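Please open the model in your viewer and keep the selection panel at hand.

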Amino acid sequence: MGWVARMFDARDAFVRMLLLDLSGVGYLLVGGHADRPPTTTQWLLAVPAFAAGLALHRLPRANLIVQTALLAVALHVVDDVTINQVGASWALLELTMRAGRLRTVWLAAGLLAAVDLTDSIGDPLGRALSGVFGLLVEVGVPLLLGLVIRTTGELSRQAQERAAAEQRRRESESRAARADERSAIARELHDVLAHHVASMVLRVGVARHVLPGLDPRVSEVFDDVHRTGTDALADLRRLVAVLRDPDGVRGDAALTAIEPSALPAAIGAAVDRARQAGITVEAEIDPAVGALDAVRGMAVLRLTQEALTNVAKHAGTSARARLLVSVVDGAVHWEVSDDGRGRRTAAVPDGGGHGITGMRERVEVLGGTLEAGPAGPGWRVRTVLPATETAPAVAAAPPSPRPRGTPSGPPRGGGPPAGPYAPEPA
């Protein structure tokens, strides 16, 4: 019965009345008695019925009253009252489907039945019984059909409400499960990782004060390790806070937020740290990055840190790198490249981790595509983060780039293939 409810939708009332009026005109012109064309009185009663049906298609009560009044007049002045009977019956059908209370429906049905029965007053028994049978068709059929359509619509609405409630329940359970998982991760980060990092920072701080006469270069290394550990603790605290409150950051909790105004300074700090490691970095940073949203800002910062770290690991600490960050029409264009001519150190391990994979996943969550591969003797990684209003939720994963060092000959060091942006150790 769903198709019946759709066919009698309240939004299509005007179309239904128009088709009914056209059917009535056709009945008067060609469907009535061929030997007796409609009289002027019939037209005078039919035209107002047609007009009222169209004009009052959104007011079923008013339409019923007008159609019933025209029927009451037609019963006493014309012989063929088919047009007015159909108009009144259809008005009852529309009212039954759309009335807010059933009491209104029963009152309307009683009014139409009373008007129709006035035509049988004083008739012989046989004709009176025929009038009662006609009453069942005129009032009973539209009333029954209207109640069926009304009930079908209510059942459909109830089913939709139940489906929506079930969907909300599933979403709530999913959010609760994710919140529990995030809380568990946050506890592990706080209880294990943060504890060890804090211990290392503390011991480095103690070493700086209890070891007198240190070489200035060693002191500089201690200071850098202490500062790096302190920054790591701050990032851990922020990540733990985000994991415990997933609504506090847009998108995935892995995309920790950063204040937009602090982004240029944070990128500058990452560049300075790379320079301290021996890399020559040429940085071109658009001042407009200070107006980025927090999530894309953090993505740019993390990509920069990861890329420059990988240059030091795989291209060498004396390599020349170039960082480009610009904002064009709301989209962030980011690129890091190197010349691949640095001096590698034995302390830097090759491959085996998830550096490129993590960068790609971070970019794809924001709707971009990460490109990484050889660029002359060096390596280049770049992406475009779309503007937030046009970025899709998740982009399709591009094919993985060929690791650096695979075009010819065995990889350096005899280990797995490695490039300046090969995955970090797990």
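This is a predicted model: local features need pLDDT of at least 70, side-chain atom pairs count only at pLDDT 80 or more; totals for chains, interfaces and linings use all residues.

Next, move to the interior. Nonpolar side chains tend to be buried together in soluble globular proteins. Select V300, W334, V336, M359 and V381: these have the most contacts inside the largest nonpolar core, a set of 35 residues. Two or more residues of this core come from each of α9 (263–276), α10 (294–315), β2 (320–328), β3, α11 (355–365) and β5 (378–385). The greatest contribution is that of α10, with 11 residues.

Now display the surroundings of M359. Leaving aside residues up to four places away in sequence, M359 touches L303, E306, A307, N310, W334, L370 and V381. Apart from this core lies another, of 23 residues; to locate it, select L45, L70, L75 and A99, which are among its members.

Finally, select V332 in strand β3, residues 331–338. Is V332 buried or exposed? Its relative accessibility is 0%, so V332 counts as buried. Beyond the residues up to four places away in sequence, V332 touches L292, R296, V300, V325, S326, T383, V384 and L385. To end the tour, draw the C-alpha to C-alpha distance from V332 to V384: it is 5.5 Å, although 52 residues separate the pair in sequence.

Notes
Residues are numbered from 1 along each chain as its sequence is written. Side-chain values use heavy atoms; hydrogens and water are left out. Helices (H or I, at least four residues) and strands (E, at least two) are DSSP runs, numbered from the N terminus. Buried means under 20% relative accessible area, exposed over 50%, partly exposed in between (1.4 Å probe, protein chains only). Contact means heavy atoms within 4.5 Å. A nonpolar core is a set of buried Ala, Val, Leu, Ile, Met, Phe, Trp, Tyr and Cys residues joined through side-chain atoms within 4.5 Å.
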